[in-house]
Amino acid sequence: MVEQGAEILDENEGVRRRTGFSLRVSLLGVMLLAASCTSASDIAGGASVSTNSPVSATTAPIAASTTTTTMATTTTTAAPDPVAIIVANLSLDEKIGQLLMPVVEGASGAEAHPGNVRLGGVETPIELVDTFHLGGVLYLGPNIVDSAQLASFSNELQVASSPTVGMLIAVDQEGGRVQRVVDGVTSIPAARTLAGDPEQAKTLATQTAVELRAQGINVVFAPVADLVDGDAGVIGNRSYGADPEATATMVVAVIDGLQRGGVAASAKHWPGHGATTVDSHESLPVLDISPELWRSRERVPFAAAADAGVDMIMVGHLSLPQLDPSGVSATQSRVLVEQLLREDLGFEGVIVSDALDMGALSGEDRGEVAIQSIEAGIDLLLAPPDLVAAQTALRDAASTGRLTTERLDESVSRILTLKLRLGLIDVDAVLAEAS
C-alpha cells in the first residue's frame, strides 16, 4: 500500500490543496476518490489558481439639503500565485532539475545500480533525485515488477523530492504493444483496434489512468497522434489510422479519458511521425512533405489535441526539411517547436522531447543537445543519457546569458502549473513560507 496526503478542494479559490505531502495514499483510497468524481477537474486536480472573490466597499449616499453621492469604490485583492512564488525562490540548479526527466535504474529508491552511476555519478534513484533536484522520472520495463512494488517505488521517489513540490512520474502506456505496466491495470488493445470507437477508447483510458495513478504514475505518454496507412512501419498499429479527422476524434477521446482519470496526457510525436519508415531509435527520420500537405494532414490531430486542452505534446526526433530547411531534428528546431507548435498552433501546455538517448541524436554532444532543445522551445527533457552533462551545460548557458532567466522560468512555470493541476504542490506550505 502507498499512502498519499489528503486533498482538500478550497471552494473559495478553486485550488486543490494538499495536506501531509508525503504522498501516502492507500490504493483503495485512490480508487474511491476516482469513483466519486465525475469530471476531469474533479479527478485530475481541478482548475488552476483563481483569484479570491473580490472584496467590495461601497460608501452609501449621504443625505443633505442637496443630494450628494459618494462614488462607490471596489478593492480587488488577487490571490497569491503559488507557481510564481516557487519560481522566484528556486535556485538555478533547482530550476534545471525541473526540466529533467531521466530514466533511473532499479526497482526501488534505495537500490544501487551501475546504470545510475553512469547517468549521474551516484548509485541509487533516491540519490539521483536529491543530487539533481529532479522534477520527474520515466519508468521503463526494468523499473516495474508488480503493482505493490511500483506503488512503493513511486512513494519513495516522491518522499525524496521537495517537501512542497512533487515529481512527475511518467510511463508509456499506449495500449497494444506499448504497455509498460501490466499488473493492476486494464489491458488496452492497440490503437488501430479501437479506431472508430471513441467512447470505448475514452472509457478504457479513464479506467487505466485511475489504476496507474494508484501506483503513483501521474503522466502517460499517449495518445499517438501520428497518421499511418496500414500496420507496417515504425508506428504501425500504434496509430488510429491515416484519416486526419477520424484520428483527431480518437486522440481527443483518449486525452479526455486520461485526464479525467487523474493523469496528464501527452499527444505524440509532433510534428507527425507516421509517414516515416526510419526508426528514430536508430537514426534520424526525414519526412519530405510540403508545408501545405503537412498542414492539411499531420497537423490536424495535434491541433485537435491542443484545442482539447492536452497537458503535454511530445516532440519527436524528425527532420522536415521543407518546413525547416536546416534539417535538424524537431527537438532542436525553433521553427518546428517555438514557431509552429507554440505560436502557430497556440499550444500553451508542456512541450516534452522524445527520449534524448535515442539513436537519432547519436554522435551529438549531450550537453549541447540539452541547450539546443531548450532554445528550440522544449520545456521538459526526457531521458537525457548524462545528467551531469545536461546540468552543467544548462548551468553554463544560463551563466553566460545564452539561456536567459526568462526563458528558463517560462518552462519551469509551465511544468509547475501542470503539477499544481495534478495536486503535486502543497499550496498551503508554499503560501505559508511566502507570508
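The following legends describe close-up views of a predicted model of one protein chain.

Residues are numbered from 1 along each chain as its sequence is written. Because the model is predicted, local features need pLDDT of at least 70 and side-chain atom pairs count only at pLDDT 80 or more, whereas totals for chains, interfaces and linings use all residues; side-chain values use heavy atoms, with hydrogens and water left out.

**View 1. The chain as a whole.** The chain holds 17 helices and 14 strands; helices (H or I, at least four residues) and strands (E, at least two) are DSSP runs, numbered from the N terminus. Of its 435 residues, 54% are buried, where buried means under 20% relative accessible area with a 1.4 Å probe and protein chains only. Among contacts in the chain with a separation of 6 or more, 73% link residues 24 or more positions apart; a contact means heavy atoms within 4.5 Å.

View 2. Six strands, in the order 6-7-10-11-12-13, form an open sheet with parallel pairing; two strands pair if DSSP finds at least two bridges between them. Strand 6 (136-139) and strand 13 (350-353) are the edge strands, each pairing on one side only. Helix 12 (residues 299-307) packs on the sheet, where it touches strand 11 (264-270) and strand 12 (312-315), and its direction makes about 160° with that of strand 11. Axes are lines fitted to C-alpha atoms, for helices over the stretch in contact, and angles run from 0 to 180 degrees between N-to-C directions.

**View 3. Strands 6 and 7.** Four bridges join strand 6 to strand 7 (residues 168-171) in the parallel sense. L138 stands opposite A170 of strand 7. L168 and A170 point one way from strand 7, I169 and V171 point the other way, and all are buried.

**View 4. Strand 11 within the sheet.** Strand 10 pairs with strand 11 in the parallel sense over two bridges. The bridge partner of V219 in strand 11 is A264.

**View 5. The packing of helix 10 on helix 12.** Helix 10 (residues 244-260) and helix 12 pack at an angle of about 30°, and their axes are 8 Å apart. That angle makes helix 10 roughly parallel to helix 12, a term that applies to angles under 35 degrees. Their crossing is right-handed, meaning that the near helix is turned clockwise from the far one by less than a right angle. From helix 10, P244, E245, T247, A248, V251, V252 and I255 meet V300, P301, A304 and A305 of helix 12. By class, this contact comprises nine nonpolar, one polar and one charged residues; Ala, Val, Leu, Ile, Met, Phe, Trp, Tyr, Cys and Pro count as nonpolar, Asp, Glu, Lys and Arg as charged, and the others, Gly among them, as polar.

**View 6. L227 in its loop.** L227 lies in the loop between strand 10 (219-220) and helix 10. This leucine is buried, with a relative accessible area of 3%. L227 and V300 are 73 residues apart in sequence, and their C-alpha atoms are 9.7 Å apart in space.

**View 7. Helices 6 and 15.** The axes of helix 6 (residues 125-132) and helix 15 (residues 387-400) come within 12 Å and cross at roughly 5°. Helix 6 is therefore roughly parallel to helix 15. L128, T131 and F132 of helix 6 meet L387, V388 and Q391 of helix 15. The residues of this contact divide into four nonpolar, two polar and no charged.

**View 8. L361 and its contacts.** L361 is placed in the loop between strand 13 and helix 14 (366-376). L361 is buried, with a relative accessible area of 6%. Leaving aside residues up to four places away in sequence, L361 touches H317, S329, Q332, L356 and V369. The C-alpha atoms of L361 and S329, 32 residues apart along the chain, are separated by 8.2 Å.

**View 9. The buried residues of helix 13.** In helix 13 (residues 335-344), the buried residues are L336, V337, E338, L340, L341 and R342. These residues pack against strand 11, helix 11 (291-296), strand 12, strand 13, helix 14 and helix 16 (405-421). G346 follows helix 13 and has a positive phi, near 80°.

Key. Parallel < 35°, antiparallel > 145°, perpendicular 65-115°, else oblique. Buried < 20%, exposed > 50% of the residue type's maximum accessible area, 1.4 Å probe, protein only.
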